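Please read it with the structure open.

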Amino acid sequence: MVKLAEWRGKEIFRQYGMPLPRGRVVRSAAEAASAVAAGSVPLPCVVKAQVLAGGRGKGGAVRFASTPAEAEAATGAILGLEFKGERVREVLLEEKLPIARELYLSVALDRSLRLPIVMASARGGVEIESVDDAQILRVPVHPFVGLTGYERRRIATTLGLVGPAVRSLDTVLTALWQIFEREDAELVEINPLAVVGDGLTALDAKVIIEDDASFRHPQYAEVRDDRTPLEEIAREKEIAFVQLDGNIGVIANGAGLTMATLDVLQQFGGRPGVFLDLGGTDDPKKVTEAFLLMAKARPAAVFLNIFGGVTRCDTVALGLVEAMKQVPPAERFPLVARIRGNNEDEGIAILRSAGVTSLHELKESVQAAVAAAGGRP
Ligand code: GDP
Ligand code: MN
């Protein structure tokens, strides 16, 4: 999932002819001042934090300015923000348009229908989750056909548009659909889509690109702002690795067992800091690589919870023992292991030869991991 910042979404919008406010992205207050002075952002203007989280309007991350000095000050203030845990590094400045009404329009993949679905509502500008279901029109779109004329008219009626605004909606819908299809998007959302004068303008842009299609869109490869450097390396090596804010490293296999292990650790007072899902690997080298990556995250302790199936216990043990030899002494961490299942006895013997005891029960092993990380047992 590649989630694009608003300004990147709008760059795509522009390529497809979506009506947009004039604007520019800046990275400092001084740059904001010169953008306004040069006239590339008309006044009054809107100053918007370029973070991936939503709800910026309510959260003080969207401000207004009517003089160059105000634009500079607002940009400076927003650049100093940490919005929902995200540092603001970029700010979008745009002309402030007189909004008559705020609408909602999006296209997303509906997995239960197995079709793209266009959603439209006259209640825009608020989170769509908070809008009454009856006020949202859902139009499944056959990918071979695209949006038909009568579907477009239904959407126009739902949005309460007449006259020239209907032609403007046609432009918007065509762009929306083409972006979804040609850019392999999971979601293209405009909220709000504003009625300005007798036309429409996209004031916000949320675009999520489908990961599995990223080979067709190398231009999005540079957009990885939401991954940590270690997650980035893991991704290149095709290792499922996620950093959280606790201090215990969790290595398990399979999404279900990995998630359950995080939950049980939490339940016993532990704080998972990073997790790694070995999946169904049968290559000890791959296991070694994954462990070394875990070591780089500098966990206070690591809890290994393996249920051997396709991934055999001895494969994991071999990979682990090899990795332990390679971790520099300064970066070693206490390891609590629990390996059960396929080739369990062989795995336990390999671990024992390296001085690691495999615990049998989930509860005792989780408690040992929490204690090893310095938390309460
Ligand atoms: P979000 O809250 O993170 O989704 O940020 P939005 O881009 O949707 O902006 C939040 C709100 O700011 C919008 O719903 C509008 O009410 C307001 N806003 C954004 N751009 C403009 C603009 O050009 N003119 C005016 N008047 N209001 C704007
Ligand atoms: Mn919005």
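1. A contact here means heavy atoms within 4.5 Å. The model is a predicted one. Take the contacts in the chain between residues at least 6 apart in sequence: 67% of them join residues at least 24 apart.

2. Overall layout. The chain holds eleven helices and 18 strands. Its C-alpha trace spans about 80 × 50 × 35 Å along the principal axes. Of the 377 residues, 50% are buried.

3. The ligand site. Which residues come nearest to ligand 1? There are 17 residues around the ligand, and K48, R56, G57, L97 and E102 come nearest. The side chain of E102 places an N or O atom 2.5 Å from an oxygen atom of ligand 1. For G57, a backbone N or O atom lies 2.9 Å from a ligand oxygen. For G55, the corresponding backbone distance to an oxygen atom of ligand 1 is 3.4 Å. On its own, ligand 1 has 560 Å² of accessible area, and the protein covers 83% of it.

4. L93, buried or exposed? L93 belongs to strand 7, residues 91-95. L93 counts as buried because its relative accessibility is 0%, and the cut-off for buried is under 20%. Leaving out neighbours within four places in sequence, L93 is in contact with R22, G23, R24, V26, A32, V36, V41, V46, V47 and T75. Take G23 from that list. G23 and L93 are 70 residues apart along the chain, yet their C-alpha atoms are separated by 5.4 Å.

5. T201. This residue sits in strand 12, which runs over residues 199-202. T201 has 9% relative accessibility, so it counts as buried. What does T201 touch, beyond residues up to four places away in sequence? The list is P19, L20, P21, L97, P192, L193, A194 and V196. Two of these names turn up elsewhere in this note. L97 is one of the residues that come nearest to ligand 1.

6. Cis peptides. Please check both of the following in the viewer. P192 lies within strand 11, residues 185-196. A cis peptide bond also joins L43 and P44, where omega is about -5°. P44 is in the loop between helix 2 (29-37) and strand 3 (45-49).

7. The loop between strands 8 and 9. Strand 8 covers 101-110 and strand 9 covers 115-121, and S112 lies in the loop between them. S112 is exposed because its relative accessible area is 68%, and exposed means over 50%. The side chains of S112 and D110 are joined by a polar contact of 2.8 Å. S112 is 134 residues from G246 in sequence, and their C-alpha atoms are 35 Å apart. R114 is in the loop between strand 8 and strand 9 as well. R114 is not a glycine, but its phi is positive, near 60°. With a relative accessible area of 73%, R114 is exposed.

8. E238. Where does E238 lie? E238 is found in the loop between helix 6 (229-236) and strand 14 (240-243). Its phi is positive, about 60°, although E238 is not a glycine. E238 has 71% relative accessibility, so it counts as exposed.

9. K285. Helix 8, residues 284-296, contains K285. Its relative accessible area is 67%, so K285 is exposed. K285 and L244 are 41 residues apart in sequence and 25 Å apart in space, C-alpha to C-alpha.

10. Aromatic rings. How many aromatic pairs does a search of the whole structure find? The search finds one. A ring also takes part in a charge arrangement: the charged end of K96 sits over the ring of F64. The distance to the ring centre is 4.5 Å.

Conventions
Residues are numbered from 1 along each chain as its sequence is written. Chains are lettered from A and ligands numbered from 1 in the order in which they are written. Side-chain values use heavy atoms; hydrogens and water are left out. Helices (H or I, at least four residues) and strands (E, at least two) are DSSP runs, numbered from the N terminus. Buried means under 20% relative accessible area, exposed over 50%, partly exposed in between (1.4 Å probe, protein chains only). Rings of Phe, Tyr and Trp (its six-membered ring) pair if their centres lie within 6.5 Å; planes under 30 degrees apart count as stacked, over 60 as edge-to-face and the rest as tilted. A charge sits over a ring if NZ of Lys or CZ of Arg is within 6 Å of the ring centre and within 35 degrees of the ring normal. A residue is near a molecule or strand if one of its heavy atoms lies within 4 Å of it. A polar contact is a pair of N or O atoms within 3.5 Å; within protein, one must be able to donate a hydrogen and the other to accept it, and residues adjacent in sequence count only if both atoms are side-chain atoms. Accessible areas come from the Shrake-Rupley method with a 1.4 Å probe; for residues, only the protein chains shown count as cover.
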